[in-house]
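Student: Could we go through this structure together? I would like to begin with one detail and then look at the rest.
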Amino acid sequence: ILLLNRCESMSVFGKKNHLKRKQPPSKNLSNGVAGGRNRRRRRGGQMGVAPAVDNTAEILSEDDVGSESGGEEDSSSSPAAEMPPAFDPPELFETVEQKKLTLAKQYINEVREKLGGKLKESDSEGSDDDDEKEDKVAVFLKKEAALKLGTLNKQIAKTVENITPSHFMRGHKGPVTCCCMCSESRYVFTGGKDCSIIKWSLGTGIRLWLIKSGRKPGNTGHTGHVLGLDISHDSKYLASAGMDKTVFIWNPEDASLLKKLPGHKGAIYGLCFKKQTYQLFSCSTDRFVKMWQVDDGTNLDNLCGHEGAVTSVHCLAGPRPISVGSTDKSLRIWKIAENSQLIFSATRGDFVDVVCYVDENSFLSGDSSGAVSLWSAKKKKPIFIAYDAHSPEWVTALASVPYADIAASGSCSGFVKVWHVLASKLQLLSSIELPGFITGLSISPDFSWLSACVSQEPRLGRWRRIPQCKNSIHIFRVDKK
């Protein structure tokens, strides 16, 4: 009887092992552990040794659990089902471009309400009234964008009543070579051949600080003549350069040196900040125009093409600076994005020393014959030439109010002339008597102040001298109607 019971138990255990070999291995256990258990179970069944523990209760796999619960997963237990619908999916997953488009539509609707109520886009399309309203909205948006960028064409000449001398300052030990005015019309900065830079109060003429020459030990200033100055749109950076071939970046508030930008191989004759940015353009006798990112202190690009020394460079808010080569008599508009340039050749005089933009499509130049030329970026020849502007002397300085109809020119003829820039000609607005070499001009953005640097000798040399004048800077107040 005992032997029969033993045989029955062995046959039943063998059947169970045979069924287990047909089932897939458990997913919750590693292959090594599951394989070891199965081998031990098979070995025990083959040897006829009964296990001490009842192995009928097996560890179930994930598939087994799912099959026992009915073969379907309960959707109510998922995290997505438990999350309450407390948000709006279109707003939450809105991309940056879609957000910009939404804000633009909201702003356009606000403008429409300001200009006379909302327009019904779907019901009244094609009507003349709606077209007129849409034109008004477009004009309003263009004007507002131009105001923010500072590119709005302003009509200032008709408001000018009189230009009167306010005061003059003397502080340099040598000829004054350059000047620039901050956008707030509060301060004016001057540089000279004594390698110094001075900050003046525009309204009172008081000297606020002085950067001395770096030729003496312990001074951080220039070691050569200062020939170029310009200040950024927010008065954060003051740039200076000259005969020492290096661009210096200063803090206009306390005259501390922030950084130096070396790279030119010749004397630097001109500097200009791009409007509303910290990009700076410099021109030199090495025939290069360099583009700098002042806040990073990096050289972004080197513009080459002039065949002689580059004596002047200017730029507005647009992407195309303009420069002039003195001896090659060429004016070049640099198309930086396209890596190309527009070349304009002056037909008068032996050289062209100065150039400045009036707006993005027109600019002025002054040559050795004393003529001031008005150019269009769309034409290769000047559209107007004021032949007797400073004849027979050469034009030594030019300045303009950006995106306005005011410009000024200077020479050693004894006069500073203020021009009304029209679409196709230059009209003389005022003539200011000022003997000496006019080496620099600067105009405030609202044309309330005009500053002029007066020297006994030219800015770039000493081949001529006018001893009866004094090295100084003159400030003129503009009275308006």
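Student: Which ring does the charged end of Lys 380 sit over?

Tutor: The charged end of Lys 380 sits over the ring of Phe 344, 5.1 Å from its centre. A charge sits over a ring if NZ of Lys or CZ of Arg is within 6 Å of the ring centre and within 35 degrees of the ring normal. The charged end of Lys 199 is likewise placed over the ring of Tyr 187, 4.1 Å from its centre.

Student: What kind of model is this?

Tutor: It is a predicted model, in which local features need pLDDT of at least 70 and side-chain atom pairs count only at pLDDT 80 or more, while totals for chains, interfaces and linings use all residues. Residues are numbered from 1 along each chain as its sequence is written, and side-chain values use heavy atoms, with hydrogens and water left out.

Student: Back to the rings, please. How many aromatic pairs are there?

Tutor: A search of the whole structure finds nine aromatic pairs. Rings of Phe, Tyr and Trp (its six-membered ring) pair if their centres lie within 6.5 Å; planes under 30 degrees apart count as stacked, over 60 as edge-to-face and the rest as tilted. One of the pairs is Phe 344 with Trp 375, which is edge-to-face, with 6.0 Å centre to centre and 75 degrees between the planes.

Student: Why does that pair tie together separate parts?

Tutor: Phe 344 lies in strand 17 (residues 340-345) and Trp 375 in strand 20 (residues 372-376), so the pair ties together parts that are 31 residues apart in sequence. Strands (E, at least two residues) and helices (H or I, at least four) are DSSP runs, numbered from the N terminus.

Student: Are Phe 344 and Trp 375 buried or exposed?

Tutor: Both Phe 344 and Trp 375 are buried. Buried means under 20% relative accessible area, exposed over 50%, and partly exposed in between (1.4 Å probe, protein chains only). Phe 344 and Trp 375 also belong to one aromatic cluster with Tyr 357 and Phe 363.

Student: What about Trp 394 and Trp 463?

Tutor: Trp 394 and Trp 463 form a tilted aromatic pair, 6.2 Å centre to centre with 35 degrees between the planes. Trp 394 lies in the loop between strand 21 (384-386) and strand 22 (395-400), and Trp 463 in the loop between strand 27 (449-455) and strand 28 (472-480), so the pair ties together parts that are 69 residues apart in sequence. Trp 394 is buried, with a relative accessible area of 13%, whereas Trp 463 counts as exposed at 57% relative accessibility.

Student: New topic: where is Ser 284?

Tutor: Ser 284 is in strand 11 (residues 279-284), and it counts as buried at 0% relative accessibility.

Student: Which polar contact does its side chain make with Asp 286?

Tutor: A polar contact of 3.2 Å joins the side chains of Ser 284 and Asp 286. The side chain of Ser 284 also reaches the backbone oxygen of Ala 267 at 2.8 Å. A polar contact is a pair of N or O atoms within 3.5 Å; within protein, one must be able to donate a hydrogen and the other to accept it, and residues adjacent in sequence count only if both atoms are side-chain atoms.

Student: And how many helices and strands does the protein chain have?

Tutor: The protein chain has seven helices and 28 strands. Of its 481 residues, 46% count as buried.
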